[in-house]
Amino acid sequence: MSLPQNPVILIPARMASERLPGKPLANLHGQPMIVQVWNRAMEADVGPVFVAAAEPEIVEAVEQAGGRAVLTDPAHPSGSDRIFEALKKIDPDSQFDAIINLQGDLPTLDPALVQTVLQPLANAAVDIATLVCEITEEAERDNPNVVKPAMSFDGDNMIGRAVYFSRSRIPSGAGPHYHHIGIYAYRRAALERFMSLSPGVLEKLEKLEQLRALEAGMRIDAARVDTVPLGVDTPADLERAKELLDIKRVC
């Protein structure tokens, strides 16, 4: 089986953030954070990169840095809705066969993770691919802000099937437990089908969008990686991102 041949990376971004207002334009070493994320996506070198922006100022920031951005409806309820609108605008003829949904708050992301998220799609039975990392910090196991997938790994295989996602500890007991990393790669047809579905019962209970796909019988596989990228949600996270980028620049 072979990987998709023509993927595209879409990065949803919006200015509204309760804990860090204006987050996409937060300054990180002289560049807006969304531009830093765009840089990481370009470094992955898996396909063209577009920012799906909710506001014109995000588009302007990306284009000033030499990137490409698409203005989308600011009222979209999720990043998936935002990238889907952008996809239809940039690719009305359905040339892209896989879509990577990369969060816009991962400025220190290892570009290799963007490459890795495509790997489960080498199996033609897989609709959606994502990433997981084994939990080593005990506090994460019961932290509702850390989404845990119930994974079915065959021995030492680095790719396994996701059976369920929860904010609770799953499976019960000692584990292993996994930290879900919210980067997705969709087959084109899978994204179109997903966006045609209404929110499911379990999705509403857990407040996890990926459960909509599982409830509809779609298959999600995940690749195991050894690092959880820093998501910038607070001013403290922003300072930590600056430190990590400093370390990269020194190295």
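1. Serine 80 sits in helix α3 (helices, H or I of at least four residues, and strands, E of at least two, are DSSP runs numbered from the N terminus). Leaving aside residues up to four places away in sequence, serine 80 touches Asn101, Tyr186, Phe194, Met195 and Glu209 (contact means heavy atoms within 4.5 Å).

2. On the basis of these remarks: this is a predicted model, in which local features need pLDDT of at least 70 and side-chain atom pairs count only at pLDDT 80 or more, while totals for chains, interfaces and linings use all residues. Residues are numbered from 1 along each chain as its sequence is written, and side-chain values use heavy atoms, with hydrogens and water left out.

3. Serine 80 also belongs to the lining of the largest cavity, together with Ile128, Tyr184, Tyr186, Phe194, Glu209, Gln210 and Ala213. A cavity is a set of points, on a 1 Å grid over the protein atoms alone, where a 1.4 Å probe fits but cannot get out; lining residues have an atom within 4 Å of a point. The count is 1 cavity of 30 Å³ or more, and the largest cavity holds about 50 Å³ of space (grid points are joined across faces, edges and corners, and the volume is the space filled by probe spheres set on the points).

4. Strand β10 (178-187) and helix α7 (210-215) each supply at least two residues of this lining. By class, the lining has 5 nonpolar, 2 polar and 1 charged residues (Ala, Val, Leu, Ile, Met, Phe, Trp, Tyr, Cys and Pro count as nonpolar, Asp, Glu, Lys and Arg as charged, and the others, Gly among them, as polar).

5. The structure holds 15 salt bridges (a side-chain nitrogen of Lys or Arg within 4 Å of a carboxyl oxygen of Asp or Glu). One of them pairs aspartate 233 with lysine 23, their closest N and O atoms being 3.2 Å apart. Aspartate 233 lies in the loop between β11 (220-225) and α8 (235-250), and lysine 23 in the loop between β1 (7-13) and β2 (27-28), so the pair ties together parts 210 residues apart in sequence. Aspartate 233 is partly exposed at 27% relative accessibility, whereas lysine 23 is buried at 14%.

6. Arginine 188 and aspartate 91 form another salt bridge, at 2.5 Å from N to O. This pair links distant parts of the chain, 97 residues apart: arginine 188 is in helix α5 (residues 188-196), and aspartate 91 is in the loop between α3 (79-90) and β6 (98-101). Arginine 188 is buried, with a relative accessible area of 11%, and aspartate 91 is buried at 4%.

7. Arginine 141 and glutamate 138 meet in a salt bridge at 2.9 Å, N to O. Arginine 141 counts as buried at 11% relative accessibility. Salt bridges with shared partners also join Arg19, Lys23, Asp105 and Asp233 into one network.

8. In helix α1 (residues 33-44), the 12 residues should span 16 Å at 1.5 Å a residue, and the end C-alpha atoms are 17 Å apart, which agrees (the expected span is 1.5 Å times one less than the number of residues). Helix α1 is mostly covered, with 10 of its 12 residues buried, among them Trp38 and Arg40. Aspartate 45, which follows α1, has a positive phi near 55°.

Notes. Buried < 20%, exposed > 50% of the residue type's maximum accessible area, 1.4 Å probe, protein only. 1 Å grid on protein atoms, 1.4 Å probe; cavity = no way out; pocket = protein on both sides within 12 Å on 5 of 7 lines; lining within 4 Å.
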